[in-house]
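Q: Could you walk me through this structure, starting with the overall build and then going into the details?

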Amino acid sequence: GGVLEYILHIAVPWHSITLYWSWLSPWHFYFIISSTQTCIFTEKETKIKEGAFKGFQFIKEIRIPNQVTEIKPSAFEGCTNLQKLTFENGGSKSEESQIKTIGKRAFYDSGLSGTLSIPKSGKTIDESAFEGCTRLTTLILEHDIESSSLVGASALNTIGDRAFYGTGLTAVSLPIGLEILGASSFESCNSFQKLSFDLIIN
């Protein structure tokens, strides 16, 4: 599935690595570690192209490097065996995730499960980005609050229409600064119990 082309497979005693190339991103390569079914990107990757992994069933885990700023539409749509998405976020400021946009249907109908943490740099979670992720139960929108004052809070500005439609979320706390909460963004979340908003108390 998807638009990836297999070009090289290397087997070693403890695991095997498969190298993929995408005609949508011809100067970048993607590595799949077969033993853990983890997708790892090269350090030069700053955007994950539209539809790059659409329908790709082999991946169970994705690690997004801290320099990536955008995941384009349908990048991982229909990856039904995908379970875990991690945005790499180092301890120092220079190593923090730079993700800004998670595009339309980026993870639509994927198998993401458990907890998803969106780094504080994230500005836009676009339309239907996580729609249909029925096993996704916890959403953490990261932000910094120190001494009852806002310090480097979440940059999240927009949650698009149907962004989390039909997920397994039970509760969400929306950060200060959110301006657009799209139609049906949390509709049909059958286990949903609580929606809250962060406040600054002077």
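The chat below goes from the whole chain to single residues.

A: This is a predicted model, in which local features need pLDDT of at least 70 and side-chain atom pairs count only at pLDDT 80 or more, while totals for chains, interfaces and linings use all residues. Residues are numbered from 1 along each chain as its sequence is written, and side-chain values use heavy atoms, with hydrogens and water left out.

Q: How many helices and strands does the chain have?
A: The chain comes to 0 helices and 18 strands, where helices (H or I, at least four residues) and strands (E, at least two) are DSSP runs numbered from the N terminus.

Q: And what share of the residues is buried?
A: Of the 202 residues in the chain, 40% are buried; buried means under 20% relative accessible area, exposed over 50%, and partly exposed in between (1.4 Å probe, protein chains only).

Q: Which residues touch the most other members of the largest nonpolar core?
A: Those are Phe107 and Phe130, in a core of 40 residues; a nonpolar core is a set of buried Ala, Val, Leu, Ile, Met, Phe, Trp, Tyr and Cys residues joined through side-chain atoms within 4.5 Å. Strands E4 (38-41), E6 (61-64), E8 (84-87), E10, E12 and E16 (171-174) each supply at least two residues of this core, and E12 gives the most, with 3 residues.

Q: What does Phe130 touch?
A: Leaving out residues up to four places away in sequence, Phe130 touches a set that includes Leu85, Ile102, Phe107, Leu116 and Phe164, with contact meaning heavy atoms within 4.5 Å.

Q: Changing topic, how many salt bridges are there?
A: The structure holds 6 salt bridges, each being a side-chain nitrogen of Lys or Arg within 4 Å of a carboxyl oxygen of Asp or Glu. One of them joins Arg105 and Glu77, whose closest N and O atoms are 2.7 Å apart. Arg105 lies in the loop between E9 and E10 and Glu77 in the loop between E7 and E8, so this pair ties together parts that are 28 residues apart in sequence.

Q: Are those two buried or exposed?
A: Glu77 counts as buried, at 9% relative accessibility, whereas Arg105 counts as partly exposed, at 29%.

Q: What about the backbone, what is the phi of Arg105?
A: Arg105 has a positive phi of about 60° although it is not a glycine. Most residues other than glycine have a negative phi. Ser128 also has a positive phi of about 60° without being a glycine, and Ser128 is buried, with a relative accessible area of 5%.
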